[in-house]
Amino acid sequence: MSEPILFLRNVTIYQEEKVILSNINLEVNHGEFIYIIGKTGSGKSSFMKTLYADLPLIEGQASIVNFDLATLKEDDIPYLRRKIGIVFQDFKLLPDRTVNENMLFVLKATGWTDAVEMQNKIDEVLDKVDMKAFASKMPHQLSGGEQQSVAIARALLNDPELILADEPTGNLDPQTSVEVLEVLRKINAAGKTVIMATHDYALLMKFPSKTLKCEDSSIFEVVQKTV
């Protein structure tokens with residue numbers, strides 16, 4: 001039995017000194033697709049930020065992609081984030097660079113140096129999300145769904161073991177949201193683990209999967225019919 005990709009035991013998450021979520025016990029195995037749901041302010045984003053070490057783990061035990069979050073040093077955070085692909089609600093593409101240049105920026109920032117290898121990797125990830133034809137476009141020339149597909153491709157550049165998607169469809173219309181989720185499901189079907197925070201319950205009904213809910217300072221699994 002392989003180690004879980006994410007393991008939390010007796011974890012309490014704080015924002016400054018305020019308890020956001022308490023007594024979290026959770027295991028996520030390789031290849032799972034998991035939704036995190038809950039009202040605005042229920043702790044979804046704080047939970048995600050803890051996983052990619054934007055919020056420090058103060059209480060409890062946690063490991064993610066073989067990094068111990070409780071003992072993680074500042075210098076280790078970039079290495080952790082190379083093994084995690086992060087997709088944000090607001091895309092976070094650099095507006096003054098083409099899609100290809102956005103990708104190149106990330107690869108150079110994470111230590112890639114060979115120009116041919118970098119271009120091959122960019123072509124590969126854009127192809128996975130059907131955006132290779134848009135490589136020379138600027139972000140403002142793309143629709144919201146296309147920008148988010150590019151952001152997903154960017155998250156795949158360093159071949160992460162885990163994708164964390166924090167409200168990736170939050171700024172998109174329903175049809176585009178479905179298209180973006182189909183991209184994430186395809187990536188999951190190819191073997192990547194995906195954890196997605198969302199408040200879009202229509203997507204959950206359309207694409208059912210294991211669902212965790214943040215409510216009353218706790219996080220727990222729910223059956224989809226009760227969502």
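**Notebook: fold and sheet**

I started with the surface: the accessible area of the protein is about 11,200 Å², and 49% of that belongs to carbon and sulfur atoms (Shrake-Rupley method, 1.4 Å probe). I'm working from a predicted model, where local features need pLDDT of at least 70, side-chain atom pairs count only at pLDDT 80 or more, and totals for chains, interfaces and linings use all residues. Residues are numbered from 1 along each chain as its sequence is written, and side-chain values use heavy atoms, with hydrogens and water left out.

Next I looked up the secondary structure and found seven helices and ten strands (DSSP runs numbered from the N terminus: H or I of at least four residues for helices, E of at least two for strands). The radius of gyration is 17 Å, close to the 17 Å from the globule rule for 227 residues, so the protein is as compact as a globular protein of that length (taken over C-alpha atoms; the rule is 2.2 Å times the number of residues to the power 0.38). The C-alpha trace spans about 45 × 40 × 35 Å along its principal axes.

I checked burial too: 49% of the 227 residues are buried, meaning under 20% relative accessible area with a 1.4 Å probe, protein chains only.

Four strands make an open, antiparallel sheet in the order 2-1-4-5 (a pair needs at least two DSSP bridges). Its edges are strand 2 (18–28) and strand 5 (67–68), each pairing on one side only. Strand 4 (residues 59–64) runs antiparallel to strand 5, with two bridges between them. What does Ser63 stand opposite in strand 5? I found Asp68 there.

Terms used. Buried means under 20% relative accessible area, exposed over 50%, partly exposed in between (1.4 Å probe, protein chains only).
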